[in-house]
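Biologist: I'd like to learn how to read pockets and helix packing in a model. Could you walk me through it?

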Amino acid sequence: MLTVQNVTKRFGSFTALEDINLEFGKGVYGLLAPNGAGKTTLMKMIVTLLFPTKGRILCDGKEILSMGESYREKIGYLPQEFGYYRNDSPRQYLRYLGALKGLERRAAEVRIDGLLEKVGLADVKDKKMKKFSGGMVQRVGIAQALLGNPEILVLDEPTAGLDPKERARFRNLISEFSKDRTVILSTHIVSDIESVANRIVMLKDHSVYCDTDCSSLCGMMGGKVFECSVPQKDADSFEMSHLVISRREETGQTHFRFAQDGEKGLPPQAKPVQPDLEDVFLYIYRED
Ligand SMILES: Nc1ncnc2c1ncn2[C@@H]1O[C@H](COP(=O)(O)OP(=O)(O)OP(=O)(O)O)[C@@H](O)[C@H]1O
Ligand SMILES: [Mg+2]
């Protein structure tokens, strides 16, 4: 169990995070917030690359900063920007990291081959990474985070640059891996965590806005999301006066999905729809 207790992080006079309280047990936690909300800052404190200005982070009741190596060996981390040697192949790179982690050589070989298979890089495991696409490099990053079989896996924007097929593969990998472990992943791509996260943590105004499961979160928006079509000539003024979630042009008409509190001023043709996480995200961050 990882406990973030009254954590504030300041950079000079700028407060990035204020009085954060969170508990991470077993399961997948999705940290969902827009750019600049403090996701990376929080994750770096969890992996001890940054230190809280106030407050503390505990692992099973012990302060992580006092645990040193015994904490770090529990952790797998994919930084938002991860560094690697361009002339290395994925296998060489993972062997090197395995040696740093003190993994036994033969066991490391088996694990590396298994992981590269799982992230879909078995065919290119001996090719130099400088020839890789962004998504391929990202998958090497995911493999290195899993290398030490960590109890706590922290992934900062793991799906950045992945195509839909690879995103699906990633979700399966995380679901399989997360049994009996803690996985914390950040994203601003809603669909990445809708199906995989047991809990969703949203940050807003430097604080925790919510910490709940997806269906309760969508439940909060019940009765607030609608769809309707309006004549194209009225579409721009409709968009100006409503909180539009999506807009699609059709022949002669424009179809809107929008959110609003209550039914005041609701167009008569508007129909309520089942809210999804994307609606919640756009609603919560409507002024950000
Ligand atoms: N070393 C630093 N010095 C000063 N300000 C910083 C530093 N690191 C982060 N910040 C600021 O703290 C805020 C939170 O940044 P952070 O990188 O944690 O956001 P994020 O949620 O990860 O954003 P993104 O989605 O773009 O990755 C931002 O306003 C950022 O400018
Ligand atoms: Mg970030």
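**Pockets and packed helices**

Modeller: The largest pocket holds about 680 Å³ of space. This is a predicted model, where local features need pLDDT of at least 70, side-chain atom pairs count only at pLDDT 80 or more, and totals for chains, interfaces and linings use all residues. Residues are numbered from 1 along each chain as its sequence is written, chains are lettered from A and ligands numbered from 1 in the order in which they are written, and side-chain values use heavy atoms, with hydrogens and water left out.

Biologist: How is a pocket found, and which residues lie nearest the centre of the largest pocket?

Modeller: Rolling a probe the size of a water molecule over the atoms shows where empty space is left. On a 1 Å grid over the protein atoms alone, a pocket is an open set of points where a 1.4 Å probe fits, with protein on both sides within 12 Å along at least five of seven lines; lining residues have an atom within 4 Å of a point. Grid points are joined across faces, edges and corners, and the volume is the space filled by probe spheres set on the points. Here 21 residues line the largest pocket, and R72, I75, Y77, K101 and Q144 lie nearest its centre. Two or more lining residues come from each of α3 (69-72), β6 (75-78), α4 and α6. Helices (H or I, at least four residues) and strands (E, at least two) are DSSP runs, numbered from the N terminus.

Biologist: How do I read the packing of α4 with α6?

Modeller: Two packed helices are described by the angle between their axes and the distance between the axes. Axes are lines fitted to C-alpha atoms, for helices over the stretch in contact, and angles run from 0 to 180 degrees between N-to-C directions. For α4 (residues 90-100) and α6 (residues 134-146), the angle is about 25° and the axes are 10 Å apart. That makes α4 roughly parallel to α6 (angles under 35 degrees count as roughly parallel, over 145 as roughly antiparallel, 65 to 115 as roughly perpendicular and the rest as oblique). On the α4 side, P90, Y93, L94 and L97 make the contact, with V140, A143 and Q144 on α6 (contact means heavy atoms within 4.5 Å).

Biologist: And what is the angle between α4 and α5?

Modeller: The axes of α4 and α5 (residues 105-118) cross at roughly 135° and come within 10 Å. That makes α4 oblique to α5. Here P90, R91, L94 and R95 of α4 meet E109, I112, D113 and L116 of α5.

Biologist: Which element gives the second largest pocket the largest share of its lining?

Modeller: α5 does, with 4 residues. That pocket has about 160 Å³ of space.
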